[in-house]
Amino acid sequence: MSPRAEQKQQTRQALLDAARFLMESGRGFGSLSLREVTRHAGIVPTGFYRHFTDMDELGLALVTEVGETFREAIRQVRHNEMQMGGVIDASVRIFLTNVEANRSQFLFLAREQYGGSRIVRQAIGALREGITADLVSDLGHMPKLPHLDIAAQAVIADLVVKTVFATLPELIDPLAELPEHLTPQAKMTQQLRFIFIGSKHWQGLGSV
């Protein structure tokens, strides 16, 4: 990479970092202005347009960024050969380690999935659907779930991903000191166990 291209990449990253930093005080992405983002990044407002056409495009770049981080966490979980029982505990720990290491990215994701920017919400929704589709593929290779058809795999994948996304706000901003069994980590682990134990015995809607 040439020095010029490297400088451009660094400035672009500075804008992403600035937006995430400003959100750490509790603000939503929709409340950020271009001027304050550029001021915090240390560039003039006109310099913003060398990287993004508007704030919506910056928001989409933030979704792409956290999407790559999220998928890297999933790859690490997949490498852990997530199956049943105690392996779920290990997989949750791997995921939470990634959340802690990239807190500002996951803070953005946790808040903006319900945030004020429709474009960003839609992009996060598309990210969630993509992660769900990846998990459906993974479930098809799990040796303890050979009885599940593609429709059942899709239901389970949807439950797992929605559980993780719904728990993110509690992971990022815990409300108070809680007993161990009531922590967000414990809740996520128990909910995933419930889903996978149930899936082992799933016989289809007709059996209910």
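Helices (H or I, at least four residues) and strands (E, at least two) are DSSP runs, numbered from the N terminus. The model is predicted: local features need pLDDT of at least 70, side-chain atom pairs count only at pLDDT 80 or more, and totals for chains, interfaces and linings use all residues. Residues are numbered from 1 along each chain as its sequence is written, and side-chain values use heavy atoms, with hydrogens and water left out.

**Exercise 1.** Describe the secondary structure and the extent of the protein.

*Solution.* Step one: the protein has nine helices and zero strands. Step two: read along the sequence, the pattern is α-α-α-α-α-α-α-α-α. Step three: the C-alpha trace spans about 60 × 40 × 30 Å along its principal axes.

**Exercise 2.** Characterise the second largest pocket by its volume and its lining.

*Solution.* Step one: on a 1 Å grid over the protein atoms alone, a pocket is an open set of points where a 1.4 Å probe fits, with protein on both sides within 12 Å along at least five of seven lines; lining residues have an atom within 4 Å of a point. Step two: the volume, the space filled by probe spheres set on the points, is about 310 Å³. Step three: 15 residues line the pocket, and Glu170, Leu171, Ile172, Pro174 and Pro184 lie nearest its centre. Step four: H5 (86–101), H8 (150–172) and H9 (184–200) each supply at least two lining residues. The largest share, four residues, comes from H5.

**Exercise 3.** How do helices H6 and H8 pack?

*Solution.* Step one: the axes of H6 (residues 103–112) and H8 are 9 Å apart, at an angle of about 125°. Axes are lines fitted to C-alpha atoms, for helices over the stretch in contact, and angles run from 0 to 180 degrees between N-to-C directions. Step two: H6 is therefore oblique to H8, as angles under 35 degrees count as roughly parallel, over 145 as roughly antiparallel, 65 to 115 as roughly perpendicular and the rest as oblique.
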